[in-house]
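This briefing reviews a protein structure in terms of its metal site and the interface between its domains. The sequence and the structure are shown first, and the findings follow by topic.

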Amino acid sequence: MSLAERVARAVDAAPIVDLHTHLFAPQFGALNLWGIDELLTYHYLVAETLRAEPKVSPEAFFARDKAAQADLVWDALFVRRSPLSEATSGVATVLHAFGLDPAAKDLREARAFFAARRVEQHVEDVLRLAGVTALAMTNDPTDPAERAVWEAGVAPDPRFHAALRVDRLVSSQDLARELDRWIARMRPRYLAISVEEVSAPPRAVLDVCRAHDLPFAMMIGVTRAVNPRLGVAGDGMRAVSLAPLERLAAENPDVRFLITTLARENTHALCVVARKFANVLPFGCWWFMNNPSLIEETTSMRLEMLGPTFVPQHSDARVLDQLIYKWRHARRSIASALSRRYAAMSVAPTDAQIERDARALLGGIAGEWLGA
Ligand code: RAT
Ligand code: ZN
C-alpha cells in the first residue's frame with residue numbers, strides 16, 4: 001500500500017468529534033433539520049442560486065415556500081448547470097451516499113426517499129455514514145423556539161453536546177445571572193461568539209469560563225449583512241488584526257480559547273498566536289474557508305507550524321445530512337495534507353504513528369476540549 005493509501009485509510013477510520021455545528025439533537029423536534037428540501041435551501045446554495053439567476057430577486061425567492069425554493073435551486077444549480085461548487089457537490093455526495101441520482105431532472109425520487117425515513121433511524125445512519133461520534137450544537141437561549149425546548153426540560157442525545165452561544169446574550173442587563181442560569185440548564189461544553197473584529201468579551205463571560213472551566217470560542221472575521229437582501233446568506237468577511245487576541249490570551253492564561261478565522265489572510269497569523277499561547281486552539285476551516293483547496297493549504301500550514309496540536313476541521317452543518325459530505329470531503333483534504341507532510345520527512349512514519357496522528361486530528365483533540 002502506498003503512503004497516501006495508508007494515510008487515507010487511517011483518516012477514514014478515525015472517529016470524528018465535530019467541534020461546531022448548528023445541528024440539534026432529535027429531542028429538539030422541528031429544530032432538527034434534515035432531508036432534501038433543507039439541504040437545497042442551505043444558505044450557501046441560496047447565495048449561489050441568486051448569483052446564477054440574477055433575474056430572480058431575493059424578495060421573490062424568499063416569498064416562495066420551502067419546497068418551491070428547493071425546486072428553483074435544483075433547477076438552477078443541478079439541472080441547468082453542473083454542481084461544481086463545494087456546496088453543490090456536497091449535495092451530490094449526500095444523494096449518492098443514499099443511492100439517489102444527483103443528476104435527476106426533478107426532486108420526486110429524493111423527496112419520496114426522505115419522506116419514508118424515520119427520524120431516529122435517520123440520525124443513526126447519518127452519524128454512521130459520516131463517522132461522527134460526538135458533536136457540538138450551537139445553543140442560543142435568546143431564540144424563542146430553542147428556549148422553549150430547554151425550558152421544557154429536554155435531555156438531548158448524549159452525542160449532541162451543548163455550546164452556549166452568547167452573540168445576543170451578551171447584551172442582557174444581568175449577564176452574569178443569565179450565564180449562570182443557562183450554564184446550569186444546558187450544561188454547555190464551551191461558550192461561543194462570532195465577531196467581526198477581536199475584542200475582549202464582557203468580564204462576566206471570562207469569569208464564568210474560569211469558574212466552570214469552560215473554553216471560550218471566538219469565530220473571527222464575519223461582517224454581518226453586507227447584502228441584507230440575502231438574509232442569512234448575506235454575510236461577508238474581513239481580514240482583521242489578531243493583536244487583541246494575543247492580549248486576551250496573555251491576560252487570561254487560565255482561560256482556554258477556541259479560535260477560528262474566516263479570512264484566508266488570517267490563517268497564518270493565527271498559527272503564530274497559537275505558537276505563543278498554549279491556551280489558544282486553532283480549529284476548523286470556517287464557512288468561506290470550507291473548500292477543499294483551502295482546507296488542504298490550511299492544514300498543511302498548521303501541521304508545519306503546530307504539529308498535531310490543532311483541530312483541522314469542524315462541519316458547521318445546519319442540516320443533519322450535510323455531515324456526510326462535509327466530513328467525507330474534509331477527510332480527503334486532511335489526508336492529502338497529512339500524507340504530503342509525511343512524504344516530506346526524512347523518516348517514513350509507521351502505521352501506528354499514522355493512526356495516532358489521524359485519531360488526534362480528527363477527533364482526539366476536539367474530544368479533549370469538548371470533554372466528549
Ligand atoms: O457557516 C454558517 O452557516 C454561518 O451562517 C454562520 O452560522 C457561522 O457558522 C456562525 O456560526 O456564525
Ligand atoms: Zn456556525
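In this predicted model, three residues coordinate the zinc ion (ligand 2): His20 and His22, each through NE2, and Asp316 through OD, at 2.0 to 2.1 Å. The protein as a whole is divided into domain 1 (3-31 + 131-370) and domain 2 (36-115).

**Zinc site**

- The donor residues of the zinc ion (ligand 2) follow the sequence spacing H-x1-H-x293-D.
- Distant parts of the chain are linked by the pair His20 and Asp316, which lie 296 residues apart.
- His20 belongs to the loop between β1 (16-18) and α2 (36-40), whereas Asp316 belongs to the loop between α14 (292-306) and α15.

**Domain arrangement and buried area**

- The centres of domain 1 and domain 2, taken over C-alpha atoms, are separated by 27 Å.
- Contact between the two involves 18 residues of domain 1 and 22 residues of domain 2.
- About 1,800 Å² is buried between domain 1 and domain 2, and carbon and sulfur atoms give 65% of this area.
- Of the area that domain 1 buries against domain 2, 30% is supplied by Arg229, Asp321 and Tyr325, more than by any other three residues.

**Polar and charged interactions across the interface**

- The interface of domain 1 and domain 2 holds 1 salt bridge.
- Arg229 and Glu59 form a salt bridge through their side chains, with an N to O distance of 2.8 Å.

**Composition of the domain 1 side**

- Helix α15 (residues 322-343) contributes 6 residues, the largest share of the side of domain 1 that touches domain 2.
- That side of domain 1 comprises 8 nonpolar, 4 polar and 6 charged residues.

Key. Residues are numbered from 1 along each chain as its sequence is written. Chains are lettered from A and ligands numbered from 1 in the order in which they are written. This is a predicted model: local features need pLDDT of at least 70, side-chain atom pairs count only at pLDDT 80 or more; totals for chains, interfaces and linings use all residues. Side-chain values use heavy atoms; hydrogens and water are left out. Domain bounds come from an automatic or database domain assignment. Contact means heavy atoms within 4.5 Å. Buried area is the accessible area (1.4 Å probe) that two parts lose on being put together, summed over both. A salt bridge is a side-chain nitrogen of Lys or Arg within 4 Å of a carboxyl oxygen of Asp or Glu. Helices (H or I, at least four residues) and strands (E, at least two) are DSSP runs, numbered from the N terminus. Ala, Val, Leu, Ile, Met, Phe, Trp, Tyr, Cys and Pro count as nonpolar, Asp, Glu, Lys and Arg as charged, and the others, Gly among them, as polar. Donors are N, O and S atoms within 2.8 Å of the metal (3.2 Å for Na, K and Ca); water is not among the atoms, so sites may look incomplete.
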